Amino acid sequence: MGRAIIKKANEADERRPFVSHGEAIVLNMGALSIGRGYFEPGWRWSEHVKPIAGTESCEVVHTLSILSGRMHVVMNDGQELDLEPGDVAFIPSGHDAWVVGDEPCRVVDFTGAEDYAKASKEEQEQPSLQ
């Protein structure tokens with residue numbers, strides 16, 4: 001039988017800053033990784049995470065809850081979603097998203113944290129230029 005785990009939501013096991021305008025925080029909870037996203041006004045996946053992920057659109061599957069702020073999501077197939085505080089959403093891979101308005105958007109992601117805003121394998125394998 002596994003052991004119970006408790007962590008403070010503001011204590012990260014890993015921080016993944018975006019190019020700018022926010023960061024993803026990962027909490028490892030045994031077999032599950034939970035993500036907390038902080039997206040500042042002006043954040044857009046295709047500008048602030050795409051260079052890190054190295055994919056044309058976000059390929060992470062999200063099951064998330066919006067805590068504050070607003071976000072607009074456009075799926076590769078053209079479906080559009082407007083998310084606001086209190087919404088719980090399932091977002092399949094293949095999308096772009098951006099913050100709407102002047103308030104930061106804060107989310108908790110129950111399925112996408114393991115790979116979100118993580119450098120592609122090619123980028124991780126490149127030698128440092130120090």
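Let's start with the sheet in which three strands line up in the order 6-5-8, an open sheet with antiparallel pairing. A second open sheet has six strands, in the order 1-2-3-9-4-7, and is antiparallel too. There is also one cavity of 30 Å³ or more.

This is a predicted model, where local features need pLDDT of at least 70 and side-chain atom pairs count only at pLDDT 80 or more, while totals for chains, interfaces and linings use all residues. Residues are numbered from 1 along each chain as its sequence is written, and side-chain values use heavy atoms, with hydrogens and water left out.

- Strands here are DSSP runs (E, at least two residues), numbered from the N terminus, and two of them pair if DSSP finds at least two bridges between them.
- Strands of a sheet pair through backbone hydrogen bonds, either parallel or antiparallel.
- In the order 6-5-8, the edges are strand 6 (80-83) and strand 8 (95-100), each pairing on one side only.
- From one strand to the next, the twist averages 15°; the axes behind such angles are lines fitted to C-alpha atoms, and angles run from 0 to 180 degrees between N-to-C directions.
- Strand 5 (residues 70-75) and strand 6 run antiparallel, joined by four bridges.
- Across from V74 you'll find E80 in strand 6.

- With the order 1-2-3-9-4-7, the edge strands are strand 1 (14-17) and strand 7 (88-91), and each pairs on one side only.
- Here the twist averages 25° from one strand to the next.
- P17 has E23 in strand 2 as its bridge partner.

**The cavity**
- A cavity is a set of points on a 1 Å grid over the protein atoms alone where a 1.4 Å probe fits but cannot get out, and its lining residues have an atom within 4 Å of a point.
- The largest cavity has a volume of about 210 Å³, where volume means the space filled by probe spheres set on the points.
- It's lined by 23 residues, and the closest to its centre are F39, H62, L64, D109 and Y116.
- The lining splits into 16 nonpolar, four polar and three charged residues; Ala, Val, Leu, Ile, Met, Phe, Trp, Tyr, Cys and Pro count as nonpolar, Asp, Glu, Lys and Arg as charged, and the others, Gly among them, as polar.

Conventions. 1 Å grid on protein atoms, 1.4 Å probe; cavity = no way out; pocket = protein on both sides within 12 Å on 5 of 7 lines; lining within 4 Å.
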